[in-house]
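Hello,

Here is the structure you were waiting for. Please open it first, then read the notes below it.

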Amino acid sequence: MEIYTPTACVVTILYIFATSSAQGICHHDRGNQKVGFSGRMEGHHHLHRCGNVSYKISGSSCCNDNITLGLSQLVADCCGSVAYNPLNEICCSGRILTQSSTNVKCCGKGMYVTTTHVCCGGNNILQRKENHACCGKEMFDVTTHCCCANPELEVKPKNEACCPKATDEGKFQQVSPHTRTIPKNSDLDQCGTETYNPREQICCSGKPHKKESSLTKCCGVDAYTLSDDNVLCCNGILHINVPEHSECVGGVIYSPENTTCQMLTRPRLGEHCCGRQTFNPHTHICCNGHSHSKKNGKFCCGSEVYDHRKKFLRCCSGHLYNLTHLHEKAECCGNLLLQYNNNQTCCSSATNSIIYETKPNHHCCGHYYYNTSLWSCCAEHLKPTPKPNSSPAEYRLKPLMDLIPEMCKETVFFGKVESVALKNDQRHVVLKVVGQVDVKSEKVIKDPWLHVSLDHCSSPATENNMTYLWEQNHNGKYKLLSHPVDLTSDIHMFYFVCYQKKG
């Protein structure tokens, strides 16, 4: 047990640390790599190989040994040898087209909106009509005609002998002939106890599903497409036919009709392991599997220790940058450095931070960069229903250590989300205050329970039982600042640096 009592402010922070040495086997986490790309993982600074060139998947993509710069492989897909953003674009026969709607599919080299048009014969786009179906490259009225194969497909009056009988009309379905390439064994992967083809399927918690498009995602053991209507993924459970305005908030589905409560479980954070060995966190610090004495430094950047007091050094998620040669201000975006006035936008979530080339009418939704004419965003969740008058998120959350030293001068506190409710577009959060930073005695929060209201859609997502850094503005409003933090390490480091700067 350690108690921190800074003389510059009246605040007592209580933390409980593990004092006994951890025993047993220490394991390594393995990061996931998006399938469909030709890049191979190297071991140095999270680099991948694309042909004979090294690249970072956080800022580039590799397709058929060709690198596409400025588009992260984490959100891209391949169209031949070029990467594209499937959120706003579609690949049709090797051509990258800008989507006009979220309900588009390819028809030959062109695209069509599935709600208003149909694709006949594989490359002929026709307007959708009631009681009409395709017959080869043309359409016909199913109430007066039929489609016959004699042997070519052609439209005939319903009384022709080649027409299906009345009892078979409901079974009639045109099947377009196509050839399917049998995947090689090298293209197959393991999904649970089954083998699957990652180019045509997606593996969701050990269960393979057909990959309908590049927007197919997992929700627990089920798969869905981001452009699906009335579908909602909430805490790993896929809900179908939910009302249009339903929201998943804190593991609870809020809809105009009813509310379904779900239990929220989250695994506890890791043991005191350093690589395959245990270490004493009081005397040593673990940096990417390498144990270092705290006498050599207090902070990790990748596998090394560095002196955080040197202002010209900036550590961005394990990559150390020297800022002395930069003329413009810069900040971290994941493990990349985002330079101001460089026509770049950083979109980040708790899982990814990605730099995009800035485009008009595009906004961030978590780590996605979406076209506002195709999508809308609510609490870091994309919806295929654009809302022209909606206001995008005004700021993005950052890792806790990226907020130092600026936040050391502000009135901030650590608050744990105990429960969340949604009412009238407002997210009502019950917070348990676990510590304050740089506060005067008269501003100490005496009641550890706070009731905070946020504009739901324009505010970042929050999770129950997770702790975040919050700021109290002069008007009494509260603002969420950081991604979820680790109570046993992140907060300790945050207090250590802030109070050390205060002298």
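Among contacts in the protein chain between residues at least 6 apart in sequence, 32% join residues at least 24 apart. Contact here means heavy atoms within 4.5 Å. Keep in mind that this is a predicted model: local features need pLDDT of at least 70, side-chain atom pairs count only at pLDDT 80 or more, and totals for chains, interfaces and linings use all residues. Residues are numbered from 1 along each chain as its sequence is written, and side-chain values use heavy atoms, with hydrogens and water left out.

Overall make-up

The protein chain has 1 helix and 51 strands. Both are DSSP runs numbered from the N terminus: helices are H or I with at least four residues, strands are E with at least two. Of its 503 residues, 39% count as buried. Buried means under 20% relative accessible area, exposed means over 50%, and partly exposed is in between (1.4 Å probe, protein chains only). The accessible surface of the chain is about 29,400 Å². Carbon and sulfur atoms account for 48% of that surface. Areas come from the Shrake-Rupley method with a 1.4 Å probe; for residues, only the protein chains shown count as cover.

The cores

The largest nonpolar core has 24 residues. Such a core is a set of buried Ala, Val, Leu, Ile, Met, Phe, Trp, Tyr and Cys residues joined through side-chain atoms within 4.5 Å. Tyr306, Leu400, Met407, Phe414, Leu469, Leu481 and Phe494 touch the most other members. Elements giving two or more residues to this core include strand 36 (304–306), strand 47 (412–423) and helix 1 (490–501). Helix 1 supplies the largest share, 6 residues. Apart from this core lies another, of 17 residues, among them Phe413, Met466, Tyr478 and Leu480.

Take Leu481 as one example. Leaving aside neighbours within four places in sequence, Leu481 is in contact with residues including Leu397, Lys398, Met407 and Leu469.

Salt bridges

Side chains of opposite charge can pair when their charged atoms come close. The structure holds 2 salt bridges. The criterion is a side-chain nitrogen of Lys or Arg within 4 Å of a carboxyl oxygen of Asp or Glu. Arg396 and Glu331 meet in one of them, at 2.4 Å from N to O. Arg396 lies in the loop between strand 46 (381–383) and strand 47, and Glu331 in strand 39 (residues 330–333), so the pair ties together parts that are 65 residues apart in sequence. Arg396 is buried, at 19% relative accessibility. Glu331 is buried too, at 13%.

Lys398 also forms a salt bridge with Glu331, with the closest N and O atoms 3.5 Å apart. This pair links distant parts of the chain, 67 residues apart: Lys398 is in the loop between strand 46 and strand 47, Glu331 in strand 39. Lys398 counts as partly exposed, at 22%.

Strand 47

Ala421 is found in strand 47. Its relative accessibility is 31%, so it counts as partly exposed. Ala421 and Val249 are 172 residues apart in sequence, yet 7.1 Å apart in space, C-alpha to C-alpha. Beyond its neighbours within four places in sequence, Ala421 is in contact with Tyr254, Gln426, Arg427 and His428.

Strand 16 (residues 132–135) and strand 17 (residues 138–141) run antiparallel, joined by 4 bridges. Two strands pair if DSSP finds at least two bridges between them. His132 stands opposite Asp141 in strand 17. The hairpin has 2 residues between the strands, and Gly136 takes a positive phi near 70 degrees.

Asn131 lies in the loop between strand 15 (124–127) and strand 16. Asn131 is not a glycine, yet has a positive phi of about 65 degrees. Asn131 is partly exposed, at 42%. Asn64 also has a positive phi, near 50 degrees. Asn64 sits in the loop between strand 6 (60–63) and strand 7.

A surface patch

Which residues make a nonpolar surface patch of about 280 Å²? They are Val53, Ile67 and Leu69. Patches are made of residues with over 30% relative accessible area and no salt bridge; like charges are joined within 9 Å, nonpolar side chains (Val, Leu, Ile, Met, Phe, Trp, Tyr) within 5 Å. Leu69 belongs to strand 7 (residues 66–69). Leu69 is exposed, at 70%.

Best wishes
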